[in-house]
Amino acid sequence: MRDRFRDLEGPLAIRKKDVVLMATISSFEGLAHPTRSELRQFAELFMPLFQASSDEARRQAVAALSQCENMPPAVALFIGSQPIAIAAPFLTASQAIDDDTLIIIARSQGAAHARAIVSRDSLSPKVIDALVALRQSAPAAISEEPAKPLTPPPTAASMEAAEFAERIASEEAMRERIKGLAGHLGRNDGDRLGLRTLSGIQEALLVRFARAREAGSFATALADALSTSRWLAERIMLDISGQQLATTLTSLGMGFLDTVFVLERLYPHLAEPQHNVTRAWMVLDALDPEECHQRVEAWRRADSYTYKPQDQAPAKQPAASVRQVPPARDIRMVGRR
């Protein structure tokens, strides 16, 4: 690790603090099992040196600390709260961040940091629940922040940071190209005024759970996006043709590429090629967005009629009202494909 930082040494005074920062990190990396006192000393040295160093040295420092197994909680929170171009490798790869720190960062730093946390190889149920509920706890902060692709680090940055930035940039470029290709569906993806729309966190969670084929977690996230019972989400997923899930994701405004990916992961038979594209692509191509909105709203109305938690049931209710059933038309639509 010391050899990686030799190129930062030089006669210029501006490099002195960079060298001291790297030397401090090298010394900390050499501690297999740092004591509480050593962790406190590192925190006291690291943060002021980090703030006084150059951006290049900061990226090198964050990339190195992303591989450390032990980290003072204050340092982990400090690094995770840096601009996303610097903090992304740490939020994605570090195993030294505890669940509480991840939740604090996701809630306080915005959608870009939350998306980096979603990209981690493993997330505890506690963190997943917090990410699902993030839209309800801070809706304005998430919805008003524009989604921006990460700026790739300079060539002098570490290999971990470069690979992460390249992957993010590639995914963003692919999304933009697919949006252009999906224009034949006959709608303006940016004009969703008055329509129920997935937030960035919700879409990332649905894609993540589909990738891991975690059907239970996917159903929970889908129910949250629809603001309905889990029963309706499971009923939609039980349609093995994928038609009902494709209708739902189209109504919620999920990107075309992400919807194809979700369908192919949850229903492997839809990944089979057909007319130079997959069957999932053909299913989506046949859908009319306006009709999808109407069908999903009908399902939601039927769900609101048939599902009512016990704690929301009124204490006294007229008998005629208790026996009331939803309109037959809406119930029939739940079973349509």
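Analyst: Buried means under 20% relative accessible area, exposed means over 50%, and partly exposed is in between (1.4 Å probe, protein chains only). By that rule, 43% of the 337 residues of the chain count as buried. This is a predicted model, in which local features need pLDDT of at least 70 and side-chain atom pairs count only at pLDDT 80 or more, while totals for chains, interfaces and linings use all residues. Residues are numbered from 1 along each chain as its sequence is written, and side-chain values use heavy atoms, with hydrogens and water left out.

User: Thanks! How many helices and strands does the secondary structure of the chain come to?

Analyst: The chain has 20 helices and 2 strands. Both are DSSP runs numbered from the N terminus (helices are H or I with at least four residues, strands are E with at least two).

User: What share of the contacts in the chain with a separation of 6 or more comes from residues 24 or more positions apart?

Analyst: That share is 69%, where contact means heavy atoms within 4.5 Å.

User: On to the rings. How many aromatic pairs does a search of the whole structure find, and why is the pair of phenylalanine 28 and phenylalanine 42 called stacked?

Analyst: The search finds 6 aromatic pairs. For phenylalanine 28 and phenylalanine 42, the ring centres are 4.0 Å apart and the planes are at 15 degrees, so this pair is stacked. The rule is that rings of Phe, Tyr and Trp (its six-membered ring) pair if their centres lie within 6.5 Å, with planes under 30 degrees apart counted as stacked, over 60 as edge-to-face and the rest as tilted.

User: Which helices hold the two residues of that pair, phenylalanine 28 and phenylalanine 42?

Analyst: Phenylalanine 28 is in helix H1 (residues 16-29) and phenylalanine 42 is in helix H2 (residues 36-52), so the pair links distant parts of the chain, 14 residues apart. Ring pairs also link Phe28, Phe42, Phe46, Phe50 and Phe78 into a cluster.

User: What makes phenylalanine 28 and phenylalanine 42 count as buried?

Analyst: Phenylalanine 28 has 5% relative accessibility, so it counts as buried. Phenylalanine 42 has a relative accessible area of 4% and is therefore buried too.

User: Which residues in H5 and H7 meet?

Analyst: In H5, Ile84, Ala87, Leu91 and Thr92 meet Ala112, His113, Ala116 and Ile117 of H7. By class, this contact of H5 with H7 has 6 nonpolar, 2 polar and no charged residues. (Nonpolar covers Ala, Val, Leu, Ile, Met, Phe, Trp, Tyr, Cys and Pro, charged covers Asp, Glu, Lys and Arg, and the others, Gly among them, are polar.)

User: And what makes H4 oblique to H5?

Analyst: The axes of helix H4 (residues 73-80) and H5 come within 8 Å and cross at roughly 130 degrees. That angle makes H4 oblique to H5. Ala76, Ile79 and Gly80 of H4 make the contact with Ala87, Phe90 and Leu91 of H5. By class, the contact of H4 with H5 has 5 nonpolar, 1 polar and no charged residues.

User: How do you know that helix H15 is largely enclosed by the rest of the structure?

Analyst: In helix H15 (residues 243-252), 9 of the 10 residues are buried, so the helix is largely enclosed by the rest of the structure. Among the buried residues are Gln244, Leu245 and Leu252. Glycine 253 follows H15 and has a positive phi, near 85 degrees.

User: Where is arginine 213 placed, and why does arginine 213 count as partly exposed?

Analyst: Arginine 213 is in the loop between helix H12 (200-211) and helix H13 (215-226). Its relative accessibility is 46%, so arginine 213 counts as partly exposed. Arginine 213 also has a positive phi of about 55 degrees, although it is not a glycine.

User: Last one: why is leucine 102 called buried?

Analyst: Leucine 102 has a relative accessible area of 3%, so leucine 102 is buried. Leucine 102 lies in helix H6 (residues 99-109). Leaving aside neighbours within four places in sequence, leucine 102 is in contact with Ile97, Ile117, Arg120 and Val127.

Notes. Axes fitted to C-alpha atoms, helices over the stretch in contact; angles between N-to-C directions. Parallel < 35°, antiparallel > 145°, perpendicular 65-115°, else oblique.
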